[in-house]
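Subject: Structure handover

Hello,

Here is the structure you asked about. Please open it first, then read my notes below.

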Amino acid sequence: MTDLSVEFLGMKFKNPVMPAAGPPIKDAEAARKAVEGGTGAIVTKTISVEAAEVPRPNMAQIRGGFMNTELWSEMGPEQWLEEEYPAIAELGLPVIAGLGYSAEEINELAKKVAPFADALELSTHYLGDDPTPVVESVKAAKAAAELPVLVKLSPQIDIPTFAKAAEEAGADGLVLINSFGPTLDFAVENGRPLMGSEKGYGWLSGPAIFPLALRAVYEAVTSVDIPIIGVGGISKGIDAIKMLMVGAEAVQVCTAPILEGPGFYGKLVAEIEEFMEENGYSSLAEIRGLALDKLPEEDQFETIPPTVIRENCTSCELCIKSCVYEAIELDESGEFVVIDEEKCAGCGLCVTRCNFAALELVRPGEN
Ligand SMILES: Cc1cc2nc3c(=O)[nH]c(=O)nc-3n(C[C@H](O)[C@H](O)[C@H](O)COP(=O)(O)O)c2cc1C
């Protein structure tokens, strides 16, 4: 039996997957669909003291990712308090309520939202070097509500500085990362920006930011003792597994359920479960943090030619095509590739391009 449940700050998630603040969780109806889709918890769209006025257009699919210039909820707190939160609280899953942005606003909102929430998530779309606004927001939330307070961090900041400041201010957990930017893209036919915001700037999410998110989560996990939820670019079960392997307790997703619909949550859960079953893991605790001691503390300079696993090779020649050192060729039999160790520079590219796990980089002493 595979156990996918997560204990997190007194909440119990039936699985580690939940929506990240954004359109897939923009109201109670969206939350109901997320629950049907298989989410393990509910995170609500960030609200502030007033409804946001959002430029249009504000969402675009771009190559490798997604761009948005949404702000917080376009519904004011009254609508949330009277209609949305009460309906969401009925859905029977733990609720993490998204709030923004200044300490004063958070103080005002946290008191009112607390009866409907199991935890608060403070969104900090913040680009500066000074963590003071984050510290003040945490203190305001803690003073206003007896609930666990999570701080959601942007990727543009120095993660250890902000993570430690949030922890010292009393944050109970962290969520990383928010979208990355500002970024720009436009339609080549007419030069019009994809976003209707000032200068056409938008914020990047989706697969393009996954390695950025993974690095941010790693830095946070190794800087503080409070638990962390990983978010940013997760589109496959294996991405969620990697987040757990650098120490995240659970994951959030926004772009993928926007593009694929609420059934994405259950699909991601099924892919996580499949990976665990195939690799003999029975609980998430067995996976959590597994990669941490594999990340080298200093640069590695040794040239290690990849090992060819002949039975996996399909002779597709993808690796040959992209070997800039011309170190790979087909064996005379034509059934597998061979590496010329004299020419190989140990760059590692072929290992990552192979679709059949036929190339492997094994450092001396590793198995
Ligand atoms: C259209 C859109 C709206 C978003 N709105 C919010 C928001 O209200 N509050 C927030 O903290 N993050 C917001 N985000 C950021 C996401 O919650 C998430 O941190 C980011 O998109 C990275 O995850 P992803 O790659 O899975 O989308 C939004 C993202 C998108 C794409």
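First, a term: two strands count as paired if DSSP finds at least two bridges between them. Keep in mind that this is a predicted model.

Start at Phe66. Its bridge partner in E12 is Ser205. Strand E6 covers residues 65–68 and strand E12 covers residues 202–205. The two run antiparallel, joined by 3 bridges.

Now step back to the sheet. It is open and has 4 strands, in the order E5-E6-E12-E11, with antiparallel pairing. Strand E5 (59–62) and strand E11 (180–183) are the edges, and each pairs on one side only. From one strand to the next, the twist averages 30 degrees.

**Met67**

Met67 also sits in strand E6. Is Met67 buried or exposed? Met67 has 28 other C-beta atoms within 10 Å. The cut-off for buried is 20 or more, so Met67 counts as buried. Leaving out residues up to four places away in sequence, Met67 touches a list that includes Ala60, Ile62, Thr183, Trp203 and Leu204. Asp185, Leu194, Met195 and Gly202 are also among the residues that Met67 touches. Pro305 is another matter. Met67 and Pro305 are 238 residues apart in sequence, and their C-alpha atoms are 39 Å apart in space.

**Helix H6**

Helix H6 runs over residues 210–221, which is 12 residues. At 1.5 Å a residue it should span 16 Å, and its end C-alpha atoms are 16 Å apart, so the two agree. Which residues of H6 are buried? They are Phe210, Ala213, Leu214, Ala216, Val217, Tyr218, Ala220 and Val221. The cover over these buried residues includes helix H5 (159–169) and helix H7 (237–245). Strand E10 (173–176) and strand E13 (228–231) are also part of that cover.

**The whole chain**

The protein chain has 11 helices and 18 strands. It is divided into domain 1 (6–294) and domain 2 (307–360). The C-alpha centres of domain 1 and domain 2 lie 39 Å apart.

For overall size, the C-alpha trace spans about 75 × 55 × 40 Å along its principal axes. A compact globule of 367 residues would have a radius of gyration near 21 Å; the chain has 22 Å, so it agrees. Of the 367 residues, 44% count as buried. Among contacts with a separation of 6 or more, 66% come from residues 24 or more positions apart.

Best wishes

Technical notes:
Residues numbered from 1 in each chain as written. Predicted model: local features only at pLDDT ≥ 70, side-chain atom pairs only at ≥ 80, totals over all residues. Axes fitted to C-alpha atoms, helices over the stretch in contact; angles between N-to-C directions. Domains from an automatic or database assignment. Expected span 1.5 Å × (residues − 1). Buried ≥ 20, exposed ≤ 12 C-beta atoms within 10 Å, placed from the backbone. Contact = placed C-beta atoms within 7 Å. Rg over C-alpha atoms; globule rule 2.2 N^0.38 Å.
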